[in-house]
Amino acid sequence: MATKIVKSFQSEGGFSVKEATIIDENRHVIDAASVKVQDGANTRTFKKEYIVHASLNDATTSAEMTPTHTVAADRIVFVTGFMLGTWKGYPVGSFNVGANDPIVTVTLANHGLSQGDSITIEFQSPYLSSNGSFTVASVVDLNTFTFTTTNPLNVNNPIVGAFLEVTSYPLNWEQAIKIESAVLSDTLQQLTIAAQSKTVVKDSTPPGQTWNVDAIINNTTKVLTFTPSVTGNKLQLRGNGIRWSGKVEIVFTERNY
């Protein structure tokens, strides 16, 4: 039988950690938390890629994406992130209506509607029986419009600040943003963002909501990450809020060498 020479660290079945395959038998890296590439001739510099996530809702309108990346003292970090936010839901407006009055006044920032447009409305309990399609009766301004129901929602009392969904808008919304930044760390490990560039690749967000993502540093935890945020109308009469995911690439080097 021929003698088989086994090379250092050779594994014919791949490589695993705690029974989870990290490199398969075809030499694909899978299920790795991050990938770090380092130049053997320049150990002061390396490259790392990983995926970050965060979720936003009415209670959490801003959050640090995880995982974060710790920055040691006296470093320069070049960061590129491609972020995608997705949300499944209909725009939520607030409305007022007088007692025994069929005219409903809706506040929905940047609604984009015109007089005569057909809209589909879903009221919240206890007004579900009034759900249906209506015609925009008037456009008061960019943020306010009216329509008329067949019957008054409440004969005896006015309704102030209740919510409805305009289901004639699309259900699915996305925003994509590319961010490039340079982060500096001094000898005391104080972090600063030296430069940042942001490009909105796609902006399909619901009327009344403003989505954003920024590269940030946290000098308490000494990390860099990204923070998505949302402002404006309510999100969650249905759905699970905005889900953000991002691909991050870092080039990390010593500041002085």
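In the predicted model described here, E174 has a relative accessibility of 22% and therefore counts as partly exposed, given that residues are called buried under 20% and exposed over 50%. The side chain of E174 meets that of K202 in a salt bridge, with a distance of 3.0 Å from N to O. This pair links distant parts of the chain, since E174 belongs to strand β13, which covers residues 172-185, whereas K202 belongs to strand β14, which covers residues 191-204, and 28 residues separate the two partners. K202 is likewise partly exposed, its relative accessible area being 41%.

Strand β14 also contributes K198, which forms a salt bridge with D214 in which the closest N and O atoms are 2.7 Å apart. Because K198 lies in strand β14 and D214 in strand β15, the latter formed by residues 209-218, the pair ties together parts of the chain that are 16 residues apart in sequence. With relative accessibilities of 34% for K198 and 26% for D214, K198 falls into the partly exposed class, and D214 is assigned to the partly exposed class as well.

A further salt bridge is found between the side chains of K47 and E49, with a distance of 3.8 Å from N to O, a value that lies within the 4 Å cut-off applied to such pairs. K47 is partly exposed at 32% relative accessibility, and E49 is partly exposed at 30%. In general, side chains of opposite charge can pair when their charged atoms come close. By the rule used here, the count of salt bridges comes to five, among them the pairs K202 with E174, K198 with D214 and K47 with E49.

These pairs are set in a chain that contains 17 strands and zero helices. Of the 257 residues in the chain, 36% are buried. When contacts between residues at least 6 apart in sequence are considered, 69% of them join residues that are at least 24 apart; the pair of K202 and E174, at 28 residues apart, and the pair of K198 and D214, at 16 residues apart, can be read alongside this figure.

Note on methods: Residues numbered from 1 in each chain as written. Predicted model: local features only at pLDDT ≥ 70, side-chain atom pairs only at ≥ 80, totals over all residues. Heavy atoms only, no water. Helix = DSSP H or I, 4+ residues; strand = E, 2+ residues; numbered from the N terminus. Buried < 20%, exposed > 50% of the residue type's maximum accessible area, 1.4 Å probe, protein only. Contact = heavy atoms within 4.5 Å.
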